[in-house]
Amino acid sequence: MSNNPPRTRMTGVQRRSQLVDVGRGLFAARGLDGTTIEEIAACAGVSKPVIYEHFGSKEGLYTQVVDFEFHILLDSITAALTEEGKPRVLVERAALALLTYIEDRAEGFRILMRDAPPSQPEGAFSTLLSQVTARVEHILSDEFHRRGFSAQDGAMYAQMLVGMVAMTGQWWQDSRQPDKHTVAAHLVNLAWNGLTGLQKDPELRTEDSVRTDT
């Protein structure tokens with residue numbers, strides 16, 4: 001008689017979650033075109049029909065992975081921008097939210113920067129930035145008005161601010177130096193003070209920016 005314990009059969013939800021996790025790793029490393037359905041099945045320990053049953057195709061799985069990561073990042077940044085606080089502090093929180101996502105979910109960020117899924121032909125990251133920009137424009141509207149900027153100018157500056165944070169995040173994905181708090185502080189330093197008013201040793205002003213890095 002065999003002493004091997006019986007294999008536990010996954011529920012449909014568990015299987016979908018497993019396939020999304022496996023797909024995330026492969027798509028991050030090789031991209032959509034560089035990953036085959038056979039590789040996904042082998043890594044998950046299932047047959048190809050199981051993947052088709054749950055997602056319809058490799059592209060269907062890829063879309064699910066992108067949508068999952070998209071909403072994690074969007075929800076994180078949106079939460080940072082909807083908390084109470086002055087505009088500068090909100091931008092600090094949003095920058096930290098992006099850098100924290102990159103730190104915690106590097107594979108997810110690589111996927112968002114890669115091929116556009118069918119559901120978002122313009123690109124997942126571009127779609128996300130557009131939504132964040134609209135939110136930033138709204139938050140900064142009072143500051144723009146106080147300084148005498150037109151609404152059109154405010155929209156342009158919101159694009160610049162979000163673009164600067166996004167590009168820095170892409171650079172930091174590979175470098176990881178300095179730490180995310182320092183990067184966020186310097187980002188906001190440039191955004192708020194400009195090149196002629198830079199502080200030598202900027203610090204974050206948000207109350208929850210206590211460093212937890214070890």
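Predicted model: local features only at pLDDT ≥ 70, side-chain atom pairs only at ≥ 80, totals over all residues.
Leaving aside neighbours within four places in sequence, with which residues is Q18 in contact?

View 1. Once its neighbours within four places in sequence are set aside, Q18 is in contact with M10 and A44. The relative accessible area of Q18 is 17%. Because residues under 20% relative accessible area count as buried, Q18 falls into that class.

**View 2. The annotated segment, residues 36–55****.** An unreviewed UniProt entry assigns the feature "DNA-binding region" to residues 36–55. In the model, this span is 80% helix and 0% strand. A distance of 14 Å separates the C-alpha atoms at the ends of the span.

**View 3. Crossing of helices α4 and α5****.** Helix α4 comprises residues 58–82, and helix α5 comprises residues 87–104. Their axes come within 7 Å and cross at roughly 155 degrees. Since angles over 145 degrees count as roughly antiparallel, α4 is roughly antiparallel to α5. The crossing of these two helices is right-handed. From α4, the contact draws on E69, I72, L73, S76, I77, A80 and L81. From α5, L90, R93, A94, A97, L98 and Y101 take part. Sorted by class, the contact of α4 with α5 contains 10 nonpolar, 1 polar and 2 charged residues.

**View 4. Crossing of helices α9 and α10****.** Helix α9 spans residues 151–175, while helix α10 spans residues 180–193. The two axes come within 11 Å, with a crossing angle of roughly 150 degrees. The helices α9 and α10 are therefore roughly antiparallel to each other, and their crossing is right-handed. On the α9 side, the contact is made by L161, M164, V165, T168, W171 and W172. On the α10 side, the contributing residues are K180, V183, L187, L190 and A191. The contact of α9 with α10 divides into 9 nonpolar, 1 polar and 1 charged residues.

View 5. Of its 214 residues, 43% count as buried; Q18, shown in the opening view, is a buried residue. Among contacts between residues at least 6 apart in sequence, 66% join residues at least 24 apart.

Key: Residues numbered from 1 in each chain as written. Heavy atoms only, no water. UniProt positions renumbered as here; feature names shortened; annotations may be inferred. Helix = DSSP H or I, 4+ residues; strand = E, 2+ residues; numbered from the N terminus. Axes fitted to C-alpha atoms, helices over the stretch in contact; angles between N-to-C directions. Parallel < 35°, antiparallel > 145°, perpendicular 65-115°, else oblique. Left-handed = near helix turned anticlockwise from the far one by under 90°. Contact = heavy atoms within 4.5 Å. Nonpolar A, V, L, I, M, F, W, Y, C, P; charged D, E, K, R; others polar. Buried < 20%, exposed > 50% of the residue type's maximum accessible area, 1.4 Å probe, protein only.
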